[in-house]
Amino acid sequence: MTSVGSSRALTRYAANGSHKWFSSQSCLTNTEVRKQRNKAFVAEKKRQMSLITRVEKIKVEFKGHPEDTTLIMNRGLSTPYNCAMHMEELLRNRSALALVDGRPWDMHRPLVKDCELQFLHFQEQIPYLSNMVNKAFWRSGSFLLGYIMDRAFKDQYYVEPHSWPAPDIRSGSFICDIDLKMDNWTPNEEERNCLTRIGYNMLLSTSSKVFERLEVDASVAQDMFADNRFKLEQIPDIAAKSKSQNTVTVYKLDDHIDISGGPMIANSGLVGLFAVSAVHPIDTKFGRLHRVQGLALPTQLKIRSWTWKLLLERAAKYNATRLPGEVPSSDDNISGSQTIEQPFLPPSGASRPQEATT
Amino acid sequence: MTHSPNTPAPWWTKKLDTSAPEDLTSDNEAFLQDMVEEKYSVDSPLKEGPWERADWTPRSVRCGLICRKIGVIPQWLNNGKKFYTTLLQVADNHVIRYTPPEINRERRRGSRTPNFGIQVVGADSADPRLFKAEYLGLFQEAGVMPKHHLSRFFVTRDAVIQPGTQLNAMHFSVGDFVDCQARTIDHGYQGVVKKWGMKGGPASHGATKFHRKMGATGGGGNMARIWPGKKMPGHMGNEWRILKGLKIWRINTKYNVLYVHGPCVPGPHHCYVRVMDTILPLRKRKGDGPKPPFPTWFADDYKDQEIPEEIFDESLHRFTASSIEFEEEK
């Protein structure tokens, strides 16, 4: 590593010696960036909460198990999870996603008007509902991969996540494309197990971590992701596609924060089996990135070890879903928060089955 | 009287996966069954080239087979004598592992077989989804499907068989003598009359409540107590017993069945039986006779030859053989 003398304090460098970016801080690390980002998130959340001075009431029509009821909740404060708290522990524990007026909605996202509410779990029988939950689960999986890669490396390696494509179940794995600033890093089985373990340490921690959602202005998002050159490029496009043309949706799990459009599952405790299956180097218009692939199953779905190994083999194969820089499909984490992945009206003739009373 | 428990030792790998069954659609279930077939129909790429084969000597001790006792049927000699034979079917045997004598010696201090290697043989392939990951790992080296039942055989170094090899009934020949070892029929808790053959008491003639009892427990006086080992009611059966020197009268190569002398092979129907070359000195193979397939019978060696479906001992009567023939006198 070349010594830069007095400008060492100004140079931010990685172990492979790239001296591309300069900052007033001594050495940019993922830990520091994370701290700053968390501060900004918490401050923004507090500010948004303080805007609600008068608590207004909304009527929430709940349909499903145990019985159809009407709940009076607080506008901008009450979440579907709070509604479940009024009803049953079963709904709190097993619900992965909520359906608000037929649209998929995060369990911990505040309700803003009178609406119809339903809860979705991982063993839905109707395909268009289970697809919704499945995609939310895989999206959360991609988010988890970002969480792991952000804290897996030693301080001298600064890692910048790029994005991830829309969840495609048929591809066999969920993805996160990351700039590791390395030419070709393909971890062996032990290293992959290390990455998986970082995920499990978080998933198995006693306090189940909730996916917190926040809609922020583009300028706030720019501040939050100032140290990620990819996100800075993406934020204007994402904001332009939003309803208000200035909003970016941001998710926080534990202390990892990332941009994503679609809904995530309720909390990390719903993830059962999890593994980082492979890391493949990819060539994109942004240079050499690494595609991290993973596989997970919810706790509610039981599987034998042999079957899991079979699925893991498939998940380790290179996933050819669109690369960063290619034309995006309707539902990626960089294409805005107003996309709908499935038509939210049920097909004609189909009706929601009676819920089991156990 | 030995009674070794039939429960797994705490340090063995846990075998069966008894967690909740997988909640799969019928499509996925069919897919997984196809994948199981696909995975195990191909030879494992982990196998090295075939191991070298040594030559049999009278001091060599070969591996044995794990068979299932499937029944008892009579056979007749050419002189009309009837006797019973037990049918022992070789239950889808594959060699799983070989541990050389050096490691065996270290692990089993005070072992009575320090100069023998251990050959682990598995019987009856099973769906891998029934078992825990730990148990499945035992079969990775051999590259075979996981087995329901495993057993050990002590072999000399020259008799080692490569893991993954299939074992056939042709490992033995007609006319060989074998030792059959199995767990006896489990009779449960039994009284002294059945368990020890004591006489009990008279059925009538005024016998009051003394029909199947033990009677006296000891001698009194100097003995002063009931001696340890006194024959009393208790659990009977489910013990390892070995029946030595049984002749193989007939082999069915299509179904891999050995017809072994006598109806008394220990164990209930469909129990696993360990079948090994006999150690009885007068019935063992001698150096002067024909040599056995060593270390085992390999089907590949006989690919071009046609192997008869039934192989009979010379003196055995065959019902399909032609009857008395009279040549027409001209």
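How many salt bridges are there between chain A and chain B? The count is two. A salt bridge here is a side-chain nitrogen of Lys or Arg within 4 Å of a carboxyl oxygen of Asp or Glu.

## The model

This is a predicted model, where local features need pLDDT of at least 70, side-chain atom pairs count only at pLDDT 80 or more, and totals for chains, interfaces and linings use all residues. Residues are numbered from 1 along each chain as its sequence is written, chains are lettered from A and ligands numbered from 1 in the order in which they are written, and side-chain values use heavy atoms, with hydrogens and water left out.

## Chain A

Chain A has eight helices and 12 strands. These are DSSP runs: helices are H or I, at least four residues, and strands are E, at least two. Of the 358 residues in chain A, 50% are buried, meaning under 20% relative accessible area (1.4 Å probe, protein chains only).

## Where the chains meet

Chain A brings 10 residues to the contact, and chain B brings 19. Contact means heavy atoms within 4.5 Å. The two chains bury about 1200 Å² between them. Buried area is the accessible area (1.4 Å probe) that two parts lose on being put together, summed over both. Carbon and sulfur atoms hold 58% of the area buried here. In chain A, A:Arg304, A:Trp306 and A:Leu310 lose the most area to chain B, together 60% of what that side buries.

A:Arg304 also forms a salt bridge with B:Asp17. Their closest N and O atoms are 3.6 Å apart.
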